[in-house]
Amino acid sequence: PLYELKMKHLLLFVILIYILAGCNASNKSISQQSNLSIDFTYNDVFTTCFSIAFSQSDTAFIRQHFARPSSDSLKKNTSYYIILTKSDKNKLDSFIMNIPIQSLDTLYFQEYQDGVDYQFHFQNDSISKSIRVHSDNAPSALTNFRNWILDLKNQYKFYQIDTILYFESAKYVLPPPAPPPEIFEN
């Protein structure tokens with residue numbers, strides 16, 4: 001009887017640990033569960049160009065590459081961070097769940113000079129994919145995510161950090177640096 005009682009307690013203890021571990025896993029965000037990192041670069045040529053990266057935690061990092069002084073409160077060539085609200089973290093997870101990353105093309109492109117150009121980069125242990133959009137005919141999942149990010153950028157107060165951040169998504173959206181001027185000798 002004492003042995004059976006100890007075994008029952010041990011079994012209950014194991015079940016409780018299993019339940020608590022399951023609850024803990026279900027409380028993790030989708031990006032934490034999939035270990036997915038996302039970065040995004042947006043360039044509208046005339047007013048702003050920035051990159052933002054979402055970590056597995058509630059922190060997002062942004063690099064303002066350039067901005068028209070009258071259109072953006074963030075300084076050019078400056079890095080910042082924000083802490084997402086639980087609601088925004090849940091919205092981010094919702095986008096992640098509803099974007100069919102694997103089935104999307106890597107390029108949605110129309111031949112025009114100016115306009116909006118943006119790129120997403122998704123990465124975890126099983127995927128590394130960039131999706132560039134320079135088109136009016138992108139999948140709605142991408143344009144909705146882009147619009148949410150633009151709204152997010154406008155609603156938060158960003159905190160400056162003294163570091164240069166690298167964004168995989170900026171690789172093809174940002175123009176390469178200008179070559180140094182030629183020096184002519186007399």
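A crossing of two helices counts as left-handed if the near helix is turned anticlockwise from the far one by less than a right angle. Clockwise makes it right-handed. Keep in mind that this is a predicted model.

Helix H3 covers residues 86-98, and helix H4 covers 140-155. The crossing of H3 and H4 is left-handed. Their axes come within 10 Å and cross at roughly 165°. Angles over 145 degrees count as roughly antiparallel, so H3 is roughly antiparallel to H4. Who makes the contact? On the H3 side: Asp-88, Lys-91, Leu-92, Phe-95 and Asn-98. On the H4 side: Ala-141, Asn-144, Phe-145, Trp-148, Leu-152 and Gln-155.

Next, the sheet. Eight strands form an open sheet, with mixed pairing. The order is E5-E7-E6-E1-E2-E3-E4-E8. Which strands sit at the edges? E5, residues 107-109, and E8; each pairs on one side only. From one strand to the next, the twist averages 20°.

Let's take the E5 end. E5 and E7 pair in the parallel sense, over three bridges. There, Phe-109 stands opposite His-134 in E7.

Now the other end. Strand E3, residues 59-67, runs antiparallel to strand E4, residues 78-83. Six bridges join E3 and E4. Thr-59 stands opposite Ile-83 in E4. E4 also pairs with E8, residues 159-161, in the antiparallel sense. That pairing has three bridges. Ser-79 stands opposite Ile-161 in E8.

How do helix and sheet meet? H4 lies across E1, E2, E3, E4, E5, E6 and E7. H4 runs at about 100° to E2.

In soluble globular proteins, nonpolar side chains tend to be buried together. Here, the largest nonpolar core has 34 residues. Which of them have the most contacts inside it? Ile-52, Phe-54, Phe-145 and Ile-149. Strands E1, E2, E3, E4, E6 and E7 each supply at least two residues of this core, and so do helices H3 and H4. The largest share, five residues, comes from H4.

Notes
Residues numbered from 1 in each chain as written. Predicted model: local features only at pLDDT ≥ 70, side-chain atom pairs only at ≥ 80, totals over all residues. Heavy atoms only, no water. Pairing = 2+ DSSP bridges. Helix = DSSP H or I, 4+ residues; strand = E, 2+ residues; numbered from the N terminus. Core = buried A, V, L, I, M, F, W, Y, C linked by side-chain atoms within 4.5 Å. Buried < 20%, exposed > 50% of the residue type's maximum accessible area, 1.4 Å probe, protein only. Axes fitted to C-alpha atoms, helices over the stretch in contact; angles between N-to-C directions. Parallel < 35°, antiparallel > 145°, perpendicular 65-115°, else oblique. Contact = heavy atoms within 4.5 Å.
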